[in-house]
Structures are given as structure tokens and as C-alpha cells.
Amino acid sequence: MMDAVLVDAGPLIALLSDRDQHHEVCTATLPSVQSPLLTCWPAVAEASYKLLKHSGPAATHDLLRTIDGGLIGLVELGVPDVAGIRAIQEKSTRINRFSWPTPH
């Protein structure tokens, strides 16, 4: 299995929107990343929506160009992936449950 960097919607937005508070650090870090960047369609959809809303259609076109141009690869998700996704969600829920006070 090759090493890769999984990129969620947040970093996708930060890379493409100079209005994002993390834009400078993401663009400065990108050249030092040696592993391939990978994302999935749900992250692309979320990033596209937020980029369109906050930065306009050119930013969404840039996102698709980065994928089409091969800078960011796509990982297909299917039914066999659901168990792993659920495990990550459950772990995250357990961590957050202990990190945040529960309302009374």
C-alpha cells in the first residue's frame, strides 16, 4: 500500500480560496508534501458548495481542474468501506463525548 495524504474539504477549500484563514499555511505546505494527495467525492461536493458560496464559481472550476490535472487523486468509496467509516465516526463520537460537557 502506498503512502498518501487524505485531503478533506477543509484543506481543499483552504488551498483554493485566498479568503480562507488557512490558505497561506496550506499553500506554503503543499510543495513539501511528498506523498500523493487523495480525496473522495463527498469532500469534493462539500468543498465545491462552500467555494461557490464564499469565493464564486471560478474557485469551484479550479477545484475540478486540480483533480482533472492529477494534482489530487480520487478515492472511490463503496459498500465495503462503510464499516471503516462507521468505526471512525464511532471513535470520533467517543472522543467528542468525553471532550465536551453534555447538556443537562
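How many salt bridges does the structure hold? This is a predicted model, and the structure holds 3 salt bridges. Here they are, one view at a time.

**View 1. E46 and K50 pair up in a salt bridge.** Look for the closest N and O atoms of this pair, which sit 3.1 Å apart. Both residues belong to helix α3, residues 41-55. E46 and K50 are 4 residues apart there, so about one helical turn separates them. How open are they to the outside? E46 is partly exposed, at 37% relative accessibility, and K50 is partly exposed too, with a relative accessible area of 34%.

**View 2. R65 and D62 meet through their side chains in a salt bridge.** The N to O distance here is 2.9 Å. This time we're in helix α4, which covers residues 57-68. Because R65 and D62 are 3 residues apart in that helix, they are separated by about one helical turn. R65 counts as exposed, with a relative accessible area of 53%; that puts R65 in the exposed class because the cut-off is over 50%. D62, at 31%, is partly exposed.

**View 3. E90 and R86 form a salt bridge with their side chains.** From N to O, the gap is 3.7 Å. That still makes a salt bridge, because the cut-off is within 4 Å. The pair lies in helix α5, residues 82-99. E90 is partly exposed at 42% relative accessibility, and R86 is partly exposed at 45%.

Conventions. Residues numbered from 1 in each chain as written. Predicted model: local features only at pLDDT ≥ 70, side-chain atom pairs only at ≥ 80, totals over all residues. Heavy atoms only, no water. Helix = DSSP H or I, 4+ residues; strand = E, 2+ residues; numbered from the N terminus. Buried < 20%, exposed > 50% of the residue type's maximum accessible area, 1.4 Å probe, protein only.
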